[in-house]
Amino acid sequence: MKKWLCCFLIITSGCQSFGSLEQEPRPSKPPVQAKQPTPSSETTTLPSEQQEQEELVLEERFWNQIEVQNGVKVIINPDNILALVNKEQQLPADYKPADLVVPNVPFTFKETDVEKRHMRAEAAKALEAMFTAAKQQQVLLYAVSGYRSYERQQQLFTFEVQRLGEEKAVVAVAMPGKSEHQTGLAMDITSPSVQYAITPTFGDTREGKWVAEHAHEFGFIIRYPKGKEHITKYQYEPWHLRYVGVKAAKVIYEKQITLEEYFQIVKKM
């Protein structure tokens, strides 16, 4: 009887243990990964084709507004950061940017109270960033000439005509009103490797090659590139930088085109 009772207690105890295990929570299924939120349109990387389409759309305010005055095409929105100034369309004679400042970069001259030290504020800030980045890579750049008034350009053009003759002068120096320097968005640069001169050989130097490769990262283009003289109507000038903003500069650099050609491929928004 005692033996039977012991067996009964063991069996009953086993059932209770099994039952208690059955009542314990079963192992949960592997956690389901939370669905990541879909990136917003602002952070999504667009396919290259769609991205290019967006890069080639330009707001209306960035296009020249032209008014013919005495048979001359005059840009009446000269503050436009993308103003297309060339031999066919010019700035008003009395135009002077209201936001001219002196960029904090080294110049090739000591005079401080001269207009050629100046640039428009946005372009000046970009020039400072570019010069700083260059210096960090042991590339030494110097500024030579920025803003020029209509009157100053008239003096320079007259001098070049007297020195070279008009036929050669017009491909070397812009006529007054047709100079990008009057926009306050251009700067001529040089380096010690060419004895601080303004010369086409600057393009063959380490400094000139660095500028050609990196200027667009700061919103600048080489305005008068080699091989495009038939479009720009000016000789090759590796020293002449024009600020157009990073968006336009990127397209112009990647497609190896001029500002004139840029306006032929972009669409007005």
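User: What should I know before I start?

Analyst: The model is predicted, so local features need pLDDT of at least 70 and side-chain atom pairs count only at pLDDT 80 or more, while totals for chains, interfaces and linings use all residues. Residues are numbered from 1 along each chain as its sequence is written, and side-chain values use heavy atoms, with hydrogens and water left out.

User: How many salt bridges are there, and what is the rule?

Analyst: A salt bridge is a side-chain nitrogen of Lys or Arg within 4 Å of a carboxyl oxygen of Asp or Glu. Here that rule gives 10 salt bridges.

User: Which residue does Glu55 pair with?

Analyst: Glu55 bridges to Lys250, with the closest N and O atoms 2.8 Å apart. The pair links distant parts of the chain, helix α2 (residues 48-55) and helix α8 (residues 246-255), 195 residues apart. Helices here are DSSP runs of H or I, at least four residues, and strands are runs of E, at least two, numbered from the N terminus.

User: Is Glu55 buried or exposed?

Analyst: Buried means under 20% relative accessible area, exposed over 50%, partly exposed in between (1.4 Å probe, protein chains only). Glu55 sits at 14%, so it counts as buried, whereas Lys250 is partly exposed at 26%.

User: What else does Lys250 bridge to?

Analyst: Glu254, at 3.1 Å from N to O. Both lie in helix α8, four residues apart, about one turn of the helix.

User: Which residues form a network through shared partners?

Analyst: Glu180, Arg223, Arg242 and Glu260 are joined that way. Within it, Glu180 and Arg242 meet at 2.7 Å, N to O, and both are buried.
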